[in-house]
Amino acid sequence: MTPTRNNAGVSRRSLLGLLAASPFAGMLAGCGSIVPGQGPPPDLYRLSPKHAAAAQNLAKVDWQLLVEPPAAPAGIDSTRIGLMHNPIQLEYYARSNWIDRVPLMVQTLTVDSFESSGRILSVGGDSSNLRPDYILATEVRDFQAEYFSGPAPHAHVAINARLVTVRRRAIVAAKRFDHDAAATSDRIEDIVAAFNSALGQVLDELVPWTLETGEADRKTG
C-alpha cells in the first residue's frame, strides 16, 4: 500500500503551484488523492471481533459495567488507518479509512464482546441507561500496521485497561493487553483482517480479565 504523510503548513494554493511547476505534473494530475478535496472518496473498513471465547467458561456476574470511550494519542484518535515503517514515524494509508474514529470503534467492539460473552448482567458505553458498579477505563496505545520485518505488515494493537469500582471510587486493577497479527499480504483487505485478529485477541483477554477481577473484588469488598 502507498502511505500518505501529513503536509501540515502547506496551503492548498502552494501545493497546486508546486504540482503545476513539476515536470511530472501530467502524471500527478491523474492521482486525485494528492490534492485535498479532490479525487474519489476513501474506502471505509470496519472490524468485528465479538467472540470473547475465553469468557464462556466463567460464571455469570450480577453487576453492571460502564465501558468509557478509550483515550488515545492524537495520531491514533482518527478515522485514518495508521502504518509505521520505523518506530518513530506514523503514516497513513491513502484512500482507506476506518468507519469511525479508532477509540469509538474500539469502545463499540468492547461492549459487543461483553454482550456476546453472555456473562454479565448489563454493559454499555453510555451511562444514561446504566447504574454501573464498575467502570472500565482504557487507553489505546498502539493501533497501526508495522512494516518492520518484511513487505507484509503486522497489525499491532495495544490497550491499557483499568477497572474502577464506583462504590469506593478506587482502581481495582490495571493491565496492558498487547497483540499483533501478521497480514497475509500488503493488500488493504488482508491488513484489515490482521487488525481484526489482533483486536480480537486483545478482547479475548480483556473481557475475562474484567469479569474475573470485578467478581473477585465484589467477594472481598
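Guide: A cavity is a set of points, on a 1 Å grid over the protein atoms alone, where a 1.4 Å probe fits but cannot get out. Grid points are joined across faces, edges and corners, and a volume is the space filled by probe spheres set on the points. This is a predicted model, in which local features need pLDDT of at least 70, side-chain atom pairs count only at pLDDT 80 or more, and totals for chains, interfaces and linings use all residues. Residues are numbered from 1 along each chain as its sequence is written, and side-chain values use heavy atoms, with hydrogens and water left out.

Visitor: How many cavities of 30 Å³ or more does the structure hold?

Guide: Rolling a probe the size of a water molecule over the atoms shows where empty space is left. Here there are 2 cavities of 30 Å³ or more. The largest cavity has about 40 Å³ of space.

Visitor: Which residues line the largest cavity?

Guide: Lining residues have an atom within 4 Å of a point. For the largest cavity they are Gly75, Ile76, Arg80, Ile81, Gly82, Leu90, Tyr92, Trp98, Val102, Phe143 and Gln144. Strands β4 (80-86), β5 (89-98) and β7 (134-146) are the elements giving two or more residues to this lining; strands are DSSP runs of E, at least two residues, and helices are runs of H or I, at least four, numbered from the N terminus.

Visitor: Which element gives the most to the lining of the second largest cavity?

Guide: Helix α3 does, with 3 residues. The second largest cavity has about 40 Å³ of space, and its lining consists of Val67, Pro70, Val106, Gln107, Thr110, Leu136, Thr138, Ile159 and Leu206.

Visitor: At roughly what angle do the axes of α3 and α4 cross?

Guide: Axes are lines fitted to C-alpha atoms, for helices over the stretch in contact, and angles run from 0 to 180 degrees between N-to-C directions. The axes of α3 (residues 102-117) and α4 (residues 188-220) cross at roughly 60° and come within 10 Å. The two helices are therefore oblique to each other, a class left over after under 35 degrees (roughly parallel), over 145 (roughly antiparallel) and 65 to 115 (roughly perpendicular).

Visitor: Which residues of α3 and α4 make the contact?

Guide: Contact means heavy atoms within 4.5 Å. On α3 the residues are Leu109, Thr110, Ser113, Phe114 and Ser117, and on α4 they are Leu199, Leu203, Leu206, Val207, Thr210 and Leu211.

Terms used
On a 1 Å grid over the protein atoms alone, a cavity is a set of points where a 1.4 Å probe fits but cannot get out, and a pocket is an open set with protein on both sides within 12 Å along at least five of seven lines; lining residues have an atom within 4 Å of a point.
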